[in-house]
Amino acid sequence: MKIYNQRVQQLTDQQQADLVNQQANGQFLQLDFDTRQRSRFRATLQNGEAVGIDLPRTGTLKDGDVVQNASGDIIQIFAKPQTLTKVTADNAFELMRGAYHLGNRHVPLMLVQHDNDYALYFEPDYVLADMLVKLGLTVSEVEHAFEPETGAYGHSHAHGHGHDNRLSHADTQSAIVGDLTKATFFS
């Protein structure tokens with residue numbers, strides 16, 4: 001099994017061409033948000049090949065990130081669609097009020113704008129969903145890739161009161177069609 005242990009910051013033209021070919025052959029990872037927060041795990045590429053990820057603890061893997069192994073082989077990571085709670089409102093003020101209450105509870109939150117429509121997305125929590133409904137917001141369950149906001153302080157801001165807020169940047173890129181990858185921890 002190949003172990004990928006380095007993030008690639010700048011891709012060469014050849015690497016970009018290689019990634020296009022890899023996508024066509026199912027040689028990429030599609031991972032949910034919880035897995036992309038981990039620095040060490042085992043996963044299966046879309047084509048069925050097992051790989052290991054063993055990265056320094058430097059933040060969440062984001063949709064489109066590329067990792068490399070010691071031999072120079074690269075693979076691309078994509079955000080896997082997962083069940084999320086979508087929150088909408090009749091006006092921007094009501095949605096902003098919902099975002100305030102979720103933020104006050106340190107909920108990883110993705111903010112999305114489509115034309116003039118806005119929505120909030122977070123991982124399912126029936127207590128939070130009920131609170132938002134009581135505030136007059138519309139709540140629904142959807143399948144969508146999850147890329148929460150990083151916050152004003154960057155990728156790895158942790159408060160001094162016990163919360164771990166490693167969040168990634170919002171990205172509403174369409175998910176890749178195909179079988180979804182299952183990831184597990186190393187034994």
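This is a predicted model: local features need pLDDT of at least 70, side-chain atom pairs count only at pLDDT 80 or more; totals for chains, interfaces and linings use all residues.
1. Which backbone oxygen does the side chain of glutamine 76 reach? The side chain of glutamine 76 comes to 3.0 Å from the backbone oxygen of glycine 64.

2. Glutamine 76 belongs to strand β6, which spans residues 74-79. Its relative accessibility is 12%, and because buried means under 20%, glutamine 76 counts as buried. Leaving aside residues up to four places away in sequence, glutamine 76 touches Leu19, Gln22, Gln23, Phe28, Leu29, Gly64, Asp65 and Val66.

3. On the chain as a whole: it has 187 residues, 39% of which count as buried. Its secondary structure consists of 4 helices and 11 strands. Of the contacts between residues at least 6 apart in sequence, 67% join residues at least 24 apart. The accessible surface is about 10,600 Å², and carbon and sulfur atoms account for 46% of that area.

4. An open sheet is formed by 4 strands, in the order β8-β9-β7-β10, with antiparallel pairing. β8 (110-114) and β10 are at the edges; each has a single partner strand, so one side of each has no neighbour in the sheet. From one strand to the next, the twist averages 35°.

5. Within this sheet, β7 and β9 run antiparallel and are joined by 3 bridges. Lysine 86 stands opposite tyrosine 121, a residue of β9. Helix α3 lies across both β7 and β9, at about 20° to β9.

6. Helix α4 covers residues 126-134, and its buried residues include Leu128, Ala129, Met131 and Leu132. These four lie on the same side of α4, because the arc they cover around the axis is only 160°. An α-helix has 3.6 residues a turn, so residues three or four places apart point the same way. Tyr126 and Lys134, on the other side of α4, are exposed.

7. At its start, a side-chain oxygen of aspartate 125 comes to within 2.9 Å of the backbone nitrogen of valine 127. Just after the helix, glycine 136 has a positive phi of about 95°.

Methods
Residues are numbered from 1 along each chain as its sequence is written. Side-chain values use heavy atoms; hydrogens and water are left out. Helices (H or I, at least four residues) and strands (E, at least two) are DSSP runs, numbered from the N terminus. Buried means under 20% relative accessible area, exposed over 50%, partly exposed in between (1.4 Å probe, protein chains only). Contact means heavy atoms within 4.5 Å. Accessible areas come from the Shrake-Rupley method with a 1.4 Å probe; for residues, only the protein chains shown count as cover. The arc is that of the directions from the helix axis to the C-beta atoms. A polar contact is a pair of N or O atoms within 3.5 Å; within protein, one must be able to donate a hydrogen and the other to accept it, and residues adjacent in sequence count only if both atoms are side-chain atoms. Two strands pair if DSSP finds at least two bridges between them. Axes are lines fitted to C-alpha atoms, for helices over the stretch in contact, and angles run from 0 to 180 degrees between N-to-C directions.
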